[in-house]
Amino acid sequence: MPHLTLPFSAGAPVIDLLVGVSGPRAEALKKANQAIPNPIPVRALIDTGASCTSIDPTVLKSLGVPSTGTIPCHTPSTKSGQPHMANQFDVSLVLIHPLLTRAFHALPVIESELCHQGIHAILGRDILSFCLLTYDGQSQSFSLAF
Amino acid sequence: MALEKELETFKRELPNLLPMEGRFAVICGDKITGVYVSYEDALKVGYEKCGLNPFLVKKIQAVEQVQYFSRDLDFACRT
């Protein structure tokens with residue numbers, strides 16, 4: 001199982017990912033003789049408090065992906081029983097490793113403004129459920145195996 | 001919100017779709033294009049049948065599963 005051990009970035013577990021259009025969308029673009037956008041490198045905060053992955057709208061806009069769904073979301077600011085309906089987008093996501101990358105070809109993500117936090121994505125438990133995460137607060141590092 | 005027509009169609013057809021709870025419906029305009037076992041299969045068929053036109057992929061559930069975030073998010077609003 002390939003793994004990465006990285007130091008915290010600004011006190012947090014941050015990892016580099018590649019986000020691109022989903023495999024099915026890439027096929028549709030190809031069929032329509034349209035260019036397939038190159039995957040975009042993004043910095044993602046690993047967040048076990050997020051049940052799904054979210055991406056900054058600037059990344060989704062650069063990829064030209066339209067919404068293909070909606071999903072109800074609760075945050076500390078939403079009222080009980082009144083979740084926010086967030087737009088959902090289909091993307092591909094690659095966990096980068098020097099020897100063996102792990103690709104998710106069709107992943108539903110939501111969009112949220114994250115740039116101002118110095119990140120472009122939140123890596124949630126939908127992806128972490130395929131990984132082994134070790135958080136070493138004492139040495140200010142983390143390991144992610146996938 | 002985007003996909004208003006498709007969401008309306010899904011809401012209208014949900015009682016008929018519930019026997020297939022857990023699967024994913026593909027909706028294009030006011031038509032259910034099909035129901036599939038996985039999200040990826042539904043997405044594939046959505047793009048095959050609708051091309052680059054808008055379509056909706058929605059999990060069939062009697063009670064929609066809510067996503068939770070322990071931090072506040074600024075949900076972008078596209079018009």
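1. **Before you start.** Please keep in mind that this is a predicted model.

2. **Where the two chains touch.** Chain A brings 36 residues to the contact, and chain B brings 30 residues. On the chain A side, four elements supply at least two residues each: α1 (23–31), β5 (67–74), β6 (84–95) and β7 (102–113). Which of the elements gives the most? That is β5(A), with eight residues.

3. Look next at β7(A), which pairs with strand β5 of chain B, residues 74–75. The two strands run in the antiparallel sense, and two bridges join them.

4. Most residues other than glycine have a negative phi. Ala10(A), however, has a positive phi, near 50 degrees. You will find Ala10(A) in the loop that links β1 (3–7) to β2 (14–21) in chain A. Is Ala10(A) buried or exposed? Ala10(A) counts as exposed because it has 9 other C-beta atoms within 10 Å, and the cut-off for exposed is 12 or fewer.

5. **A second case at Asn33(A).** Asn33(A) is not a glycine either, yet its phi is positive, near 55 degrees. This residue sits in the loop between α1 and β3 (40–46) of chain A. How many other C-beta atoms lie within 10 Å of Asn33(A)? The count is 6, so Asn33(A) is exposed.

6. **The build of chain B.** Chain B has two helices and five strands. If you trace the chain from its N terminus, the elements come in the order α-β-β-α-β-β-β. The C-alpha trace of chain B spans about 35 × 30 × 25 Å along its principal axes.

7. **Inside chain B.** Chain B has 79 residues, and 27% of them count as buried. What share of its contacts joins residues at least 24 apart in sequence? Among contacts between residues at least 6 apart, the share is 43%.

Methods:
Residues numbered from 1 in each chain as written. Chains lettered and ligands numbered in written order. Predicted model: local features only at pLDDT ≥ 70, side-chain atom pairs only at ≥ 80, totals over all residues. Contact = placed C-beta atoms within 7 Å. Pairing = 2+ DSSP bridges. Buried ≥ 20, exposed ≤ 12 C-beta atoms within 10 Å, placed from the backbone.
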